[in-house]
Amino acid sequence: MITLFWAAAVALLLMAFACLWRADVGPSIQDRILAVNVVGVKALVVLALLGIIRGHAFLIDVALVYGLLNFIITIAATRLIETGRFRSGASS
Amino acid sequence: MRTAKMSLALFVFWCLVAPPEGVTDVLVGVLVALLVGVWATRFLWPPEDPALSSLRPSRLPRFLALSVVRVIKASLQVLRIVFDPRLPIAPEVLRQQVHFEADAARSTFANAITITPGTLTLEVEGDTFVVHCLDRALAEDLLSGQLAADVEALFGGGA
Amino acid sequence: MSALIVLQQALSVLLVLAGVVFLAGGTLGLVRLPDLYTRAHAASKCDSVGAGSILVGLLFYQGVAFDDLRLVLLAFLVLVSGPTTAHALARAGFRTGLPVGRARGSDDR
């Protein structure tokens, strides 16, 4: 069981590197943000897996905060490239 | 009033995420919930209340279950496309006219489109939804109007 | 009693494996698909379902306790944020005038 979780975590890490390739080449800036966001989701899952493997409940909290930050960063970066600034009263 | 509601919701969230052990934890929780509540209502949200009032809570479980089924179907479809060496897609942009009374219904519909197999909302201009689909043949839930009917049922039929 | 535990563990293994397959699909889609919009399809659907599936699998492995509410919250967060970010990115691409690819080729650079 634990072995399976380890294998899953390692597989996810390998996939994260594949996503990093897309973040490197990805023609548009949106592609890069998308790729980084996907890496973040995978890191979140790896953190949760590690929390179960090691029996550290606090890693789940770390994963939760990581997920929230990942989401907010992506939205903020999107807003930035869309309007040129973070605070915009009348965007959609 | 909104600040009080917000703070209460935040405190409940605090209790769920970090079950308090002892008086200190509860006090810290109350303090943080109040501070964040005041800050969020003053700086984060637009002054008017989002119109959630027309939502029918009794129909929420069915809608959520439908959404989960749809998102799983959508992923299976994407998996089939991605693992196919020929990459069988014919991307296309569609425009769909649907009218909803409430803003909440409109954004729910936009998100539901994104969840549905083969479709992704690009832009909402009034009642026009600009939708990107992987393949016209795959977007049957949207084109048949099934999705709009589901969202309308959830918000009490404001068509 | 033990049969229940075996069932629980089997379900957990199944869900984690399915999640890995879904995440692999999302990654492959991100690498292979031709333009931003199609990649956003792959990222939003496969990734949120895959991550959610793994997290629910971990929930089954642990057994249900009050402490595990955090795992449920995490799964919910992933399921909600995935499509939202994909939509935000696709909208940004649409507004800045990124062309929608029609070609069936695999590389449009």
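Let's start with helix H2 of chain C, residues 36–62, in this predicted model. The helix has 27 residues and reaches 38 Å from its first C-alpha to its last. How many of its residues are buried? The count is 23 of the 27, which makes H2(C) mostly covered.

Now over to chain B, and a helix there that shows us something else. Helix H2 of chain B covers residues 23–44, and B:Leu35 lies in it. Is B:Leu35 buried or exposed? B:Leu35 is exposed, because its relative accessible area is 56% and the cut-off for exposed is over 50%. B:Leu35 also belongs to a nonpolar patch on the surface, together with residues including B:Leu31, B:Val32 and B:Trp39. Taken together, the patch has about 760 Å² of accessible area.

For contrast, have a look at B:Ser7, in helix H1 of chain B, residues 2–17. B:Ser7 counts as buried, at 6% relative accessibility. Leaving aside residues up to four places away in sequence, B:Ser7 touches B:Ala33, B:Leu34 and B:Gly37.

Last stop, the strands of chain B. Strand E2 runs over residues 119–125, and five of its seven residues are buried, so E2 is largely enclosed by the rest of the structure. Which strand does E2(B) join? Six bridges link E2(B) to strand E3, residues 128–133 of chain B, and the two run antiparallel. If you'd like one pair to find on screen, B:Glu123 has B:Val130 in E3(B) as its bridge partner. The hairpin has two residues between the strands, and B:Gly126 takes a positive phi near 60 degrees there.

Key:
Residues numbered from 1 in each chain as written. Chains lettered and ligands numbered in written order. Predicted model: local features only at pLDDT ≥ 70, side-chain atom pairs only at ≥ 80, totals over all residues. Heavy atoms only, no water. Patch = residues over 30% accessible without salt bridge, like charges linked within 9 Å, V, L, I, M, F, W, Y side chains within 5 Å. Areas by Shrake-Rupley, 256 points an atom, 1.4 Å probe, with all protein chains shown as cover. Salt bridge = Lys/Arg side-chain N within 4 Å of Asp/Glu carboxyl O. Helix = DSSP H or I, 4+ residues; strand = E, 2+ residues; numbered from the N terminus. Buried < 20%, exposed > 50% of the residue type's maximum accessible area, 1.4 Å probe, protein only. Expected span 1.5 Å × (residues − 1). Pairing = 2+ DSSP bridges. Contact = heavy atoms within 4.5 Å.
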